[in-house]
Amino acid sequence: MIENISYYLDTVFHDFEPELKQHLQRDCIVKAIPAGEVIMRTGQYIKHTLLIGSGRVKLYRQGDDGEEAFIYDLEPGNACALSMICNTKQEASEIMAKTVEDTVAIMIPIQLMDELMQKYKTWYYFVIANYRARFEELLVVFDNVVFKGMDERLEFYLKNQFESSKIRILTITHQEIANDLNTSREVISRLLKKMEQDKKIRLLRNNIEWLTPI
């Protein structure tokens, strides 16, 4: 069930100052987005910045040939820093975003961004913290691609998925993992089998159980 905007501001974004919450309640809306929906496309001009109240969103970078490379997740309490940049500069998006769980988001109109940055310190610090967190995640992605083998990248990816979802069994196909890591399903299946032999995971039908401490 979708709650009203004040519920998410008080429980997920509780650090916002009261005046900022009142401003958001007055000028923003809450939207329920089903799993599997593309909410931002490459080349699209963005009308809103999203604050994630519940659920999870994956961000991808798309190549010229249409292939997608996973960048990072957005979870409750996060905002899309890249959409904030596009909003303030009125540029088209350079990423694609898709919900992987049923998601609830607070939709902040583009025209509010400058005003919120100037009027509310908690919003200013929130935006800066999001930029920093996303930059650090991009550095991790860069390090994984440049300095680590696919086996290390796969283990890091899975551990991050389990930590983000706070579950022990993850529903995901080998092909979905391959798409996120920009490799083939055969490579992922072979490496997952090796992880199972090492007793790090247990492979089930379209599910993976994490066996080691997180």
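These are my notebook entries on one predicted model.

**Entry 1: Ground rules**

I number residues from 1 along each chain as its sequence is written. Because the model is predicted, local features need pLDDT of at least 70 and side-chain atom pairs count only at pLDDT 80 or more, while totals for chains, interfaces and linings use all residues; side-chain values use heavy atoms, with hydrogens and water left out.

**Entry 2: The whole chain**

I looked up the secondary structure and found 8 helices and 10 strands in the chain. Both are DSSP runs numbered from the N terminus: helices are H or I with at least four residues, strands are E with at least two. The radius of gyration is 18 Å, close to the 17 Å of the globule rule for 214 residues, so the chain is as compact as a globular protein of that length. This radius is taken over C-alpha atoms, and the rule is 2.2 Å times the number of residues to the power 0.38. I noted that the C-alpha trace spans about 55 × 35 × 25 Å along its principal axes.

Of the 214 residues, 39% are buried. Buried means under 20% relative accessible area, exposed over 50%, and partly exposed in between, with a 1.4 Å probe and protein chains only.

**Entry 3: The cores**

I next looked up the largest nonpolar core, which has 21 residues. Such a core is a set of buried Ala, Val, Leu, Ile, Met, Phe, Trp, Tyr and Cys residues joined through side-chain atoms within 4.5 Å. Phe-16, Leu-51, Ile-106, Ile-108 and Trp-123 touch the most other members. Helices H1 (5-11), H2 (18-27), H4 (113-119) and H5 (121-147), together with strand S7 (103-109), each give two or more residues to this core. Another core, of 19 residues, lies apart from it and includes Tyr-60, Met-96, Phe-162 and Leu-170.

I then listed the contacts of Phe-16 (heavy atoms within 4.5 Å). Leaving aside neighbours within four places in sequence, its partners include Leu-9, Leu-24, Leu-51 and Trp-123.

**Entry 4: A sheet of three strands**

I traced an open sheet of 3 strands in the order S8-S10-S9, with antiparallel pairing. Two strands pair if DSSP finds at least two bridges between them. S8 (169-171) and S9 (201-204) are at the edges with a single partner strand each, so one side of each has no neighbour in the sheet. On average, neighbouring strands are turned by 20 degrees against each other, direction ignored. S8 and S10 (residues 207-210) pair over 3 bridges, and Thr-171 has Asn-207 as its bridge partner in S10.

Helix H6 (residues 150-165) packs on the sheet, touching S8 and S10, and its direction makes about 85 degrees with that of S10. Helix H8 (residues 185-197) lies across S9 and S10, at about 125 degrees to S9. Axes here are lines fitted to C-alpha atoms, for helices over the stretch in contact, and angles run from 0 to 180 degrees between N-to-C directions.

**Entry 5: Three residues**

Is Ile-208 buried or exposed? At 1% relative accessibility, Ile-208 counts as buried, and I placed this residue in strand S10. Ile-208 is 37 residues from Thr-171 in sequence, yet their C-alpha atoms are 6.6 Å apart. Among the contacts of Ile-208 are Leu-158, Phe-162, Leu-170, Leu-192 and Leu-203.

I also noted Asn-182, in the loop between helix H7 (174-181) and H8. Asn-182 has a positive phi, near 55 degrees, and is partly exposed at 44%. Asn-206, in the loop between S9 and S10, has a positive phi of about 60 degrees and is partly exposed at 42% relative accessibility.
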